[in-house]
Amino acid sequence: MAERQSPLGAFFVPGDHGNAAAGVGVTLRERKNLSIVQVTAWIDTIPAVLTAIGSATGLVLQNKPGLGRVAGEKSVFGFAPGRYFVVGATPDLELRLRSAISSDLGTMIDLTHGRTVIRIGGPGSEWVLSKLFAIDFSEHAFPIAYGRATLHHDIHANIQRIDDETFDIYVFRTFARSFWQTLGHAAAEVGYRVE
Amino acid sequence: MIIKCPYCGPRDVIEFIYQGDATRKRPEPASTDQAAWNAYVYDRTNTGGSHREFWLHGGGCRQHLVVTRDMSSHAISSVALARDVAASINDGGRA
Ligand SMILES: [Zn+2]
């Protein structure tokens, strides 16, 4: 099978960058080989869709704004009423969801080829992301596993908190290289490692 | 200005797109009353105080909102999902 090319290309340079005196404030990496599916429930089928996502992925969600769950490579989070990102490392994710969610329950679109997922971790991650997005990254406002939809300079992004100091950022694949460079500039102050 | 989206929570106005007066009433689609259509398309009361307006949270959950905003002070007194407002009107209630 052909290997999917990363849009980061030559701008993905493993190693330490930025302010060496500060140590490694954040670590940046690209999550690869994921399946990313957006599921949308009709206005009166949200609980049924959440049950179906649960049966297809093992990740069961309550109907609450932004709520999400993470288990290893798998994750799911809401980012709008009845809309969910469902992510996994298995290529059959879309098929499994399609067999669980008929058009009576909702719709889905495979975003795998349209998004790039960047994982930022480390003690400086809240600080660095706060330079780019006008939302509150503190853990009480943005708890673990929750998702957010927001903007970076008019470019849409979905963000999920993975643990106390780790976030996954979903950006449009066509903007990923530009976003990656901006993220590097924002992280230079605290020192960053690309791996 | 910050708008507290019912789904996303408080967000900067940069994430929202203004979509106009939410107090207008569209004439029946089959209506040929020119004055009613003219008023619907062009007439605005331009009140100085509290006003109901549509906003789109394009930089977040992408939902249409009904916002009640004081046009002098920008103070926002209520925000609701437009689909909830429409549902309550269709149920015979008042928005
Ligand atoms: Zn919103």
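Trainee: Does Thr166(A) count as buried or exposed?

Mentor: This is a predicted model, in which local features need pLDDT of at least 70, side-chain atom pairs count only at pLDDT 80 or more, and totals for chains, interfaces and linings use all residues. Residues are numbered from 1 along each chain as its sequence is written, chains are lettered from A and ligands numbered from 1 in the order in which they are written, and side-chain values use heavy atoms, leaving out hydrogens and water. Buried means under 20% relative accessible area, exposed over 50%, and partly exposed in between (1.4 Å probe, protein chains only). At 11% relative accessibility, Thr166(A) therefore counts as buried.

Trainee: With which side chain does the side chain of Thr166(A) make a polar contact?

Mentor: A polar contact is a pair of N or O atoms within 3.5 Å; within protein, one must be able to donate a hydrogen and the other to accept it, and residues adjacent in sequence count only if both atoms are side-chain atoms. At 2.8 Å, the partner of the Thr166(A) side chain is that of Asp163(A).

Trainee: How far apart are the end C-alpha atoms of helix α4 of chain A?

Mentor: Helices (H or I, at least four residues) and strands (E, at least two) are DSSP runs, numbered from the N terminus. The expected span is 1.5 Å times one less than the number of residues, so the 12 residues of α4(A), 176-187, should span 16 Å. The end C-alpha atoms agree, at 16 Å.

Trainee: Within what arc do the buried residues of α4(A) fall?

Mentor: The buried residues of α4(A) include Phe179(A), Trp180(A) and Leu183(A). Taking directions from the helix axis to the C-beta atoms, the buried residues line one face of the helix, because they fall within an arc of 160 degrees.

Trainee: Which residues of chain B does Leu151(A) contact?

Mentor: Leu151(A) is in strand β9 of chain A and is buried at 14% relative accessibility. Contact means heavy atoms within 4.5 Å. Leaving aside neighbours within four places in sequence, Leu151(A) contacts Leu132(A), Phe133(A) and His156(A), and from chain B Ile14(B), Glu15(B) and Gly59(B).
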